[in-house]
Amino acid sequence: MGRAPGNRDEWWGAAKGTGAGAGADATAGAAASLADEPRIPFDPVVLAVEPHVLVVDKPPFLASTPNGRLMRATVQQRLRDERDEPDLTCIHRLDRLTSGVMLVARDAGTRGVYQRLFQDGEVAKTYECLTVVADDWAVGETRDIEVLLANVPAERGVRVRDMPETSGAATGGAETSGATGGAAVAGTAATPDLPKPPHPEAPWRAARTRITYLGPVAADIGDVLPSMFGGVHGATCACGTCGTRMTVGKWRLEPATGRTHQLRATMAHLGYPILGDDTYPEDLGLDLGNVTRVLRLVATELLYDDPLDGLPRTWTSRRDVTDPAKDPVAGPVVGPDAG
């Protein structure tokens, strides 16, 4: 079995946390017509049916909601068509490439109370991801990571920088970008606490995540190997270190905030980009029809107290982070009207 090189910078072909590699924003342009939409051969799996919500296991490559480029290749529209429930609406969203458990409202009258759970931080969310094997984390080690993120217009990824170590710091903290590349530039403080925003319409916002390194696991990652080695190495390479099944690092991520690309950007900033990521640390360009490169990031669990009956809920994804695109293990659909 092949093993990930100890030096993760050589493995990725990019300097740690720099976000090196540039590309024009591939999302520009007019909205695609339905006829132009790519066929995404993966469907959401319903885990539970409750009177007011569906609990869904989202596959990779489906957007959560229509976004102008994708209308029918979305979790929301697929479920509306399949269940003949035109009012189904996603209560929150997962990135198009992210897999895992999410909630979908069944009626407009109660949708808002569930949305407020997420807005008020009343939902505990847990994710798992895979990266190269960690060389500066002990197995079982947990760290609370806080960074600053900024959504810069016309950039696909978000800018990332370290949280200033002391209040009133005027400079410091390396900045990284997943979508524009180039050398990072340290900002200067516009306020006593935060550095100068990278763009007038993109203020820095704090993003907090509890991260635990779970240790090395074996996974087949042949779909991401060519891009990881600059298109030179792959499953049939004779270099002696390549192979489709390799030892990689597994992590548990518990976000305390819900920023755009928070987990993907944070892991890349720490020097451990998530396997299969097309934006961090390098923007590989947007290809909505490419369903071969799978992001190893799964929303594994949601915990909350139901706002209507007050009872606790725990929903768990059946997807395996080593192969999120694989149909999840079959199990009963939970709920009073599941049948």
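Guide: Let's start with a definition: rings of Phe, Tyr and Trp (its six-membered ring) pair if their centres lie within 6.5 Å, and planes under 30 degrees apart count as stacked, over 60 as edge-to-face and the rest as tilted. This is a predicted model, where local features need pLDDT of at least 70, side-chain atom pairs count only at pLDDT 80 or more, and totals for chains, interfaces and linings use all residues. Residues are numbered from 1 along each chain as its sequence is written, and side-chain values use heavy atoms, with hydrogens and water left out.

Visitor: Which residues form one aromatic cluster?

Guide: By the pairing rule, there are four aromatic pairs. One cluster is formed by Trp137, Tyr213, Trp251 and Tyr272.

Visitor: Are Tyr213 and Trp251 buried or exposed?

Guide: Buried means under 20% relative accessible area, exposed over 50%, and partly exposed in between (1.4 Å probe, protein chains only). Tyr213 and Trp251 are both buried.

Visitor: Which charged end sits over the ring of Trp137?

Guide: A charge sits over a ring if NZ of Lys or CZ of Arg is within 6 Å of the ring centre and within 35 degrees of the ring normal. At 3.8 Å from the centre of the Trp137 ring, the charged end is that of Arg143.

Visitor: What is omega of the peptide bond that joins Tyr280 and Pro281?

Guide: Most peptide bonds are trans. Tyr280 and Pro281, however, are joined by a cis bond, with omega about 0 degrees.
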